[in-house]
Amino acid sequence: MSRIVGHLDLDYFYAQVEEVENPSLRDTPVLVCVFSGRTEESGVVSTSNYKARAYGVKSGMPIALAKRRLNGVEGAFIRMDHGKYEVYSDRVMEIIRSRVDVLEQAGIDEAFFDITKKTGGDYGAATALALELKDKIFREEKLTSSVGIGPNKVVAKIASDFKKPNGLTVVRTIEVLAFLSPLSINRIYGVGPKTAKLLEENDIMAVSDLASAPAERLEDLFGKKLAVYLHNASNGVDEEPVIDRGGASQLSRMITLKHDTNDLDQIGAELLPPLRDVHEKLVSKNLFFRNVSTIGIFKDLSIHTRSKTLETPTNDYSVLEREVRELFATLLREVGDLRRAGVRLSELQDMVDQRSLTEFAG
Ligand code: TTP
Ligand code: CA
C-alpha cells in the first residue's frame, strides 16, 4: 500500500490566537510584535493577520516600517506571548495526535502526520479525515488551519501552503507531477533565497524545469546531496518517514479553580496535586525539564503565562515547586482573578543524555 501523508499548518498563528482571545480585533490589522524596548517603535513584527498583510506588512519587518505601510489605518500592535501560543499549540497537537497513525510536530504551528493505516491508503478517507481535523480544531480552539494531503512529506507540505488560509489541498499520487510542475521552485521545502537565485541564474524557474534538469548539472551547482534531494523533490519523490520525535516534548496540567481568585496560597494549594502528578510523570519517563511555565486563564478565557528556563535541567520536585510559586507570584501581581491555572514543563531531556552531558563536562 502506498503511503498517505498530511501536513497541517495553522493560519497566521500568533495573530489568530490574539483574535481568538479578543474577537473585536478581527476587523483590524493585528501585528504581533517583539518589542526590543529602546523606543515604542523599536522591534520587529513576528507575524500579522491577513488584514495587515493586505497593506504589505510582513513577518520580520521593523515595527516602524509596518506602521508606515498601514498608512494611517489603526492597527493593533500586540506583544508576542510565546507561552500562550504554546498552550494553544499543545491542545491542537493533541487533537491531531489522537486521530492519526503517527504525528511529527515540525514547529509550534505545524505538523506532519501519517494516515496510511487509518485510511487504508484511500484518498477519499484521507480527505474526510483532513476535514474532520480542521473542523475539530476550529470547533474546539476557534482556529483555522490549512492542510495538504499527498503521498509524502514534500508534497503534503507544498499542498498545505497551496491554498491559505483555511485551505485543503489533496494531491493523489497520479496528480503529483501535474500539481508540482507549474509551481515556482521556491515552493519546495529547503529552497531558500540562495538556492533559488542559483537556480534562476541557470534558467530553472518552475518545478518542471528542475524536475527535468540533468543530474550532472545540478550536482555541479549544489553538490551530490542537495542535487539528489532537489531532483527527487521536484519529481514528487520523497521517502522520509513521519517520525514521532520521542513522545512528549512537554508535560502540562490545567485545573479549574474552585473560585476565581488572585490568592497565591489558594492557587498553590489547589495546584499541588497536579504538580505532584506532572512530577511523577516526569520521573516515570526518566526525564529532566529545563523550562517551566505557569499558565493563568481568566473569566474571558484569555491566557497569560510566565516562564523560566533553568541553567541546568532537573527533575527535582522542590525546584519545580519553588519555580512555579515564584512564577505565579509575578503573574498574579500583574493580572486579576484567575479562573483556571496550570503548569507546563518543556525542553524535556532524557536522563541518559543528561548523564552523558555531565560526564563530558566533568
Ligand atoms: P508561519 O506558519 O510561517 O506563519 P503564520 O502562521 O503567521 O502565517 P501563515 O501560516 O498563515 O502563512 O509561522 C508560524 C508562526 O511563527 C507565526 O505565527 C509567528 C512565527 N514567526 C515568526 O516569529 N517570525 C517569522 O519570520 C515567521 C515567518 C514566523
Ligand atoms: Ca502557519
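Author: Contact here means heavy atoms within 4.5 Å. The model is predicted. By that cut-off S48 touches Y12, A15, V30, L31, R53 and V57, with residues up to four places away in sequence not counted.

Reader: Why is S48 called buried?

Author: Buried means under 20% relative accessible area. S48 has 2% relative accessibility, so S48 counts as buried. S48 is found in strand β3.

Reader: How far apart are S48 and A76 in sequence and in space?

Author: They are 28 residues apart in sequence and 9.7 Å apart in space, C-alpha to C-alpha.

Reader: What makes D9 a polar contact of ligand 1?

Author: A polar contact is a pair of N or O atoms within 3.5 Å. An N or O atom in the side chain of D9 is 3.0 Å from an oxygen atom of ligand 1, so the pair falls within the cut-off of 3.5 Å. For D109, a polar side-chain atom lies 3.1 Å from an oxygen atom of the ligand. Y14 supplies a backbone N or O atom, 3.1 Å from an oxygen atom of ligand 1.

Reader: How much of ligand 1 does the protein bury?

Author: Taken alone, ligand 1 exposes 560 Å², and the protein buries 66% of that. The elements giving two or more residues to the shell are β1 (5–10), α1 (13–21), β3 (43–48) and α2 (50–53).

Reader: Which residues come nearest to ligand 1, and what classes make up the shell?

Author: Of the 13 residues around ligand 1, Y12, S46, T47, R53 and K164 come nearest. By class, the shell has 5 nonpolar, 3 polar and 5 charged residues.

Reader: Why is R99 called buried, and what does its side chain contact?

Author: The relative accessible area of R99 is 16%, and the limit for buried is under 20%; therefore R99 is buried. R99 lies in the loop between α4 and β5 (102–107). Its side chain makes a polar contact of 3.1 Å with the side chain of E132, and a polar contact of 3.1 Å joins the side chains of R99 and S98. Leaving aside neighbours within four places in sequence, R99 is in contact with K118, L129, E132, L133 and K136.

Reader: How do you know that T195 is buried?

Author: T195 has a relative accessible area of 13%. Buried means under 20%, so T195 is buried. T195 is found in helix α9 (residues 193–201) and touches G190, F222, L226 and L230, not counting residues up to four places away in sequence.

Reader: Why is D203 called exposed, whereas E347 is called partly exposed?

Author: Exposed means over 50%, and partly exposed lies between that and the 20% limit for buried. D203 is at 60% relative accessibility, so D203 counts as exposed. E347 is at 37%, so E347 counts as partly exposed.

Reader: What is the phi of D203, and what is the phi of E347?

Author: Phi of D203 is near 60°, and E347 has a positive phi of about 50°. Most residues other than glycine have a negative phi. D203 is found in the loop between α9 and α10 (207–212), E347 in the loop between β12 (338–346) and β13 (349–350).

How values were computed: Residues are numbered from 1 along each chain as its sequence is written. Chains are lettered from A and ligands numbered from 1 in the order in which they are written. This is a predicted model: local features need pLDDT of at least 70, side-chain atom pairs count only at pLDDT 80 or more; totals for chains, interfaces and linings use all residues. Side-chain values use heavy atoms; hydrogens and water are left out. A residue is near a molecule or strand if one of its heavy atoms lies within 4 Å of it. A polar contact is a pair of N or O atoms within 3.5 Å; within protein, one must be able to donate a hydrogen and the other to accept it, and residues adjacent in sequence count only if both atoms are side-chain atoms. Accessible areas come from the Shrake-Rupley method with a 1.4 Å probe; for residues, only the protein chains shown count as cover. Helices (H or I, at least four residues) and strands (E, at least two) are DSSP runs, numbered from the N terminus. Ala, Val, Leu, Ile, Met, Phe, Trp, Tyr, Cys and Pro count as nonpolar, Asp, Glu, Lys and Arg as charged, and the others, Gly among them, as polar. Buried means under 20% relative accessible area, exposed over 50%, partly exposed in between (1.4 Å probe, protein chains only).
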